[in-house]
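Visitor: Before we turn to details, could you take me through this model step by step?

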Amino acid sequence: DAADIPSSTLNFISKYMSKFARRIVNLETEQLPKDHYAAIVAIDCLEHTTEPVAITKSLLLSLHKDGILIVKFPKESSFNYTHIRQAQEQRDATFNLINNSCTIIVPEFIYRKN
């Protein structure tokens with residue numbers, strides 16, 4: 001499955017990669033299914049959002065018990081038009097949520113849901 005907010009990325013996936021995806025989820029109009037995925041990859045995306053904690057809660061709800069979460073959320077001190085200050089303000093809380101919900105395999109990268 002591929003999921004994103006309406007964006008050029010979601011348009012690209014819909015147009016060029018739909019044959020590789022079982023389902024394409026527009027997160028503005030749909031929710032991810034609960035307890036559904038064995039693994040979720042969220043690399044270099046949370047820094048582009050205003051609600052990384054809420055998004056991470058949703059990802060964790062969608063992950064099976066013992067599922068693997070791969071997440072990369074860079075820590076930044078400078079911001080540009082794509083990296084959001086609110087994301088950095090919630091970065092520590094996001095990793096606290098992950099650390100409290102998962103077993104750490106590789107810190108700030110790979111986790112197994114408890």
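Guide: A crossing is right-handed if the near helix is turned clockwise from the far one by less than a right angle, and left-handed if anticlockwise. The model is predicted, local features needing pLDDT of at least 70 and side-chain atom pairs 80 or more, while totals for chains, interfaces and linings use all residues. Numbering runs from 1 along each chain as its sequence is written, and side-chain values use heavy atoms, without hydrogens and water.

Visitor: What is the handedness of the crossing where H2 passes H4?

Guide: The axes of H2 (residues 52-62) and H4 (residues 91-101), both DSSP runs of at least four residues, come within 8 Å and cross at roughly 20°. The two helices are therefore roughly parallel (under 35 degrees). H2 passes H4 in a crossing that is right-handed.

Visitor: How many charged residues does the contact of H2 with H4 have?

Guide: With contact meaning heavy atoms within 4.5 Å, Pro52, Val53, Thr56, Lys57 and Leu60 of H2 meet Ala93, Thr94, Leu97, Ile98 and Ser101 of H4. By class, this contact has six residues that are nonpolar and three polar, and the number charged (Asp, Glu, Lys or Arg) is one.

Visitor: Which residues of H4 does H2 meet?

Guide: From H2, Pro52 and Leu60 are among the residues in this contact. Their partners in H4 are Ala93, Thr94, Leu97, Ile98 and Ser101.

Technical notes:
Axes are lines fitted to C-alpha atoms, for helices over the stretch in contact, and angles run from 0 to 180 degrees between N-to-C directions. Angles under 35 degrees count as roughly parallel, over 145 as roughly antiparallel, 65 to 115 as roughly perpendicular and the rest as oblique.
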